[in-house]
Each structure stands twice: as structure tokens, then as C-alpha cells.
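Subject: Structure handover and findings

Hello,

Here is the structure for you to look over. My notes follow below it.

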Amino acid sequence: MKIHEYQGKELFRNAGVPVPNGFPAFSVEEAMEAYKKLDTDRVVVKAQIHAGGRGKGGGVKLANGTEEVEKYANDIFGMKLVTHQTGSKGKLVQRLLIEEASDIAQELYAGIILDRSSGKFVFMVSSEGGVEIEKVAAETPEKIIKEWIEPNQDLKQFQARKLAFALGLSGVQIKHAVKTFLSLWKVFKAYDCSLMEINPLVVTKSDEVIALDSKINFDDNALFRHKDIQEMRDLSEEEPSEVEADSFNLNYIKLDGNVGCMVNGAGLAMGTMDIIKLYGGEPANFLDVGGVANAETVAHGFKIILSDPNVKSILINIFGGIVRCDRVAQGVIDALTQVEVTIPVVIRLEGTNAVEARDLLKNAEHNFIVANSLADAAEKAVKATGEES
């Protein structure tokens, strides 16, 4: 789960991370009220969407005085903001953050993420603040300094100091940076975050080290522990089909391909997407229906997959371990009495009662394409799209 910048900064503020004063606004009128409350001439008008690159897209403006605040608030509120992370469709700006401007002396980067290769968390900093960290990693990886944190441990004082020294900070800047780094880790750990980025983290002309941005992702599996975080969820920022799937307890992620996938098990789903690409196709989604592939579950899966107009064929790949293949086959057949499917459906069933399942499918009214193996299924699904690469 993701939250907006202003929400992340509120978590930061409560944990002692220095952030600029600011207020969210849900209309131009509220933006003007926020500006008055800040009682300063120079403010930043910032679009609030779940995507980076807002400044380059025109969603962040420095305003001097009432007229500029009103102008930029009108310009940004309600705009379709297109960034490198939103794609060409962009995202509708429905919230603003009106924030006091900072006197910036230096822009830095700070981030925390799980390093799956080592099974540890890694706290990263870089002197290349304001630049996309992926670009820094690709072109100048030596400019990213890392400290690893053991599971169930904390970022240590000496580690925070090492990071501050590595950034070339000096004097009181080091003291402020250490405090900020330790407080950032406190937020990350307390709320079961999966990713945190502050870009830029800035050193002000008065040597403060403050978070000028906030990007936080949370581990969905831990949200039951954080009701307050769940209340911050903005469904309008999420893919509608993914929201719908979540309401049916389906694990669905929309992709850009044309072969819809319905699979039981996350590992099998990943393998299915890989083999679709191997045979020249592109998966349209990740959809794990879990261990209960009954008629209701399959019907919901069909509806969600078919909500994507790019889907030209569907590949159902089920391994009958927890659930019998013949029950899955009957579930698929029954589901088609609830959902109209006009595109080719390729089915590969393997495991318990697979032979009986194939017989059911071959005798069904719907013209299923029954595959004998995963490779056969992928080849047939890609061919059925009529758009082989």
C-alpha cells in the first residue's frame, strides 16, 4: 500500500523527522486557506499523486505571494499529471500540499528497502539528491552509500554517522543528519514499511537536515496491525481492477500485455508469465486465484481480466494439488454461465484428476482450447491472440 507525500510527512513529523510546515488541500479554496495559515510569502504548491517525477511534469511550483499561489493551485488542481511513472494516461490531481519553501544549500537522497539477496534491510544515501536513484545506480553506483541492518535490529548510531560522513557533511550538519536518519528508521520499522524514499533530503542554509519529500510503501501483509495506516488508503490512486480484485481476495496486478493469466499459486503465476514471454507473447496480468478455484472465484477472475480491453486470449493454468482438477474444470464451466467470454480460453490442468478434467472441458458447450503441457498452453495462448511477435 502507498500513501501521499503529506501523509508520509505527518508520520515523519510525529517521529521527530524534520519536515517543512505544510497543509493538504482538497480544493483551490482550501489551498488559499493553507497559504494564509503558513503566514509566509514563499510556498511550494505540490500535486499529490502516487508517482514520482511530479516536478518535471509541472506538478510542483514555487509561488511568491497570494496571486501566484492561487494561479498555481488552479493550474495544478484537477490537471492530468503525466510523469515517467504514470505513463501517457497520467493521473488526475485531486489533492495538493501547500508547504513553506526551504532555503536549500544541498540536495541529498535517502532511502530504506529490503535487500532480498542478503535478507537484511539496507539504508542508502547519496549526494545525488533530486535525481532518479535508478539513474544514479546505473551510471554512478559508487555515489550510493549503503548500511545494512540485521533483521530485528535497529540502525545504529555509528552507522548513521558513517552515512553522514560519507555524504561529506560536517560540523552540526552531522548531528542533524544522524538524528534524521535514526528517526527515519524508527518510522520504517514501526509501520512495517517495505520501501521509503526521501528525494530530496536537503541540507538547509542553517545546516538543518530535513525531508523535503516522502515516498512510503507498506507491507500489505502487515496492515492488520496498522488500522491508522489503512485509513490513509486512497483508492482513487489505485488501478480500479486491482481494487476490485482485492475485494474478492484475489491477488491481481495489471500489466501491459494481451494474454490474460489465471493461475493458482504465485510461483506458478510467475512461471506462467515467463513462458508466455518465451513464446513471444506479453502477459496482461498477474492473477493468483489461490487454492480455491471454484465457480465464483473463477467468474470474478474472468470479469477482472476482461475489464482490460487489451486482453485477446486467456490462459488458465492450474496445478491440482490442494484442489482437484475436475472441480476446477467444473468451476470454469459454471463460471461461463455467469460471465460472457468471447475471446479464446486456453486451459492447462495438471495434477489430481487431470484426465477427468480434460474430458469435462472437451464436452463443455464453450469451445475451450485444452493444452497438454505448460509449453503447449503458452504457445496456443499466444497464437490465439492473433498478435504473435
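To start: is Asp154 buried, partly exposed or exposed? Asp154 is partly exposed, because its relative accessible area is 35%. Buried means under 20% relative accessible area, exposed means over 50%, and partly exposed is in between (1.4 Å probe, protein chains only).

Some ground rules. This is a predicted model, in which local features need pLDDT of at least 70 and side-chain atom pairs count only at pLDDT 80 or more, while totals for chains, interfaces and linings use all residues. Residues are numbered from 1 along each chain as its sequence is written, and side-chain values use heavy atoms, with hydrogens and water left out.

**Overall picture**

The protein chain has 389 residues, and 49% of them are buried. The C-alpha trace spans about 75 × 45 × 40 Å along its principal axes. The chain holds 13 helices and 18 strands. Helices (H or I, at least four residues) and strands (E, at least two) are DSSP runs, numbered from the N terminus.

The protein chain exposes about 18,700 Å², and carbon and sulfur atoms supply 49% of that area. Accessible areas come from the Shrake-Rupley method with a 1.4 Å probe; for residues, only the protein chains shown count as cover.

A contact means heavy atoms within 4.5 Å.

**Salt bridges**

The whole structure contains 24 salt bridges. The criterion is a side-chain nitrogen of Lys or Arg within 4 Å of a carboxyl oxygen of Asp or Glu.

Back to Asp154. Its side chain meets that of Lys189 in a salt bridge, 2.9 Å from N to O. Lys189 sits in helix α6 (residues 172–190) and Asp154 in the loop between β9 and α5, so the pair ties together parts that are 35 residues apart in sequence. Lys189 is also partly exposed, because its relative accessible area is 41%.

Lys162 and Glu147 form another salt bridge, with the closest N and O atoms 3.0 Å apart. Lys162 belongs to helix α5 (residues 157–166) and Glu147 to strand β9 (residues 144–149), so this pair ties together parts 15 residues apart in sequence. Lys162 has 45% relative accessibility, so it counts as partly exposed. Glu147 has 10%, so it counts as buried.

Asp234 and Arg95 also pair up, with closest N and O atoms 3.4 Å apart. Asp234 is in the loop between α7 (227–230) and α8 (240–247), and Arg95 is in the loop between β5 (91–92) and β6 (96–100), so the pair ties together parts 139 residues apart in sequence. Asp234 counts as buried at 6% relative accessibility. Arg95 counts as buried at 15%.

There is also a salt-bridge network. It links Glu5, Lys9, Lys46, Arg54, Glu99 and Asp213.

**Helix α1**

Helix α1 covers residues 5–15. Eight of its 11 residues are buried, so the helix is largely enclosed by the rest of the structure. Among the buried ones are Glu5 and Lys9, along with Tyr6, Leu11 and Phe12. After α1 comes Gly16, with a positive phi near 90°.

**Phe23**

Phe23 lies in strand β1 (residues 22–25). At 30% relative accessibility, Phe23 counts as partly exposed. Leaving out residues up to four places away in sequence, Phe23 touches Ala34, Lys37, Leu38, Leu96, Leu97 and Ile98. Phe23 and Tyr6 are 17 residues apart in sequence and 7.5 Å apart in space, C-alpha to C-alpha.

**Charge**

The chain has 43 positive and 57 negative side chains, and the centres of the two sets lie 4 Å apart. Lys and Arg count as positive, Asp and Glu as negative; His and the chain ends are not counted. Each charge is placed at NZ of Lys, CZ of Arg, CG of Asp or CD of Glu.

Glu29, Glu30, Glu33, Glu67 and Glu70 form a negative surface patch. Patch residues have over 30% relative accessible area and no salt bridge, with like charges joined within 9 Å. Helices α2 (28–38) and α3 (66–76) each supply at least two of the patch residues. α2 gives the most, with three. Glu30 is in α2, and at 33% relative accessibility Glu30 counts as partly exposed.

Best wishes

Key
Patch = residues over 30% accessible without salt bridge, like charges linked within 9 Å, V, L, I, M, F, W, Y side chains within 5 Å.
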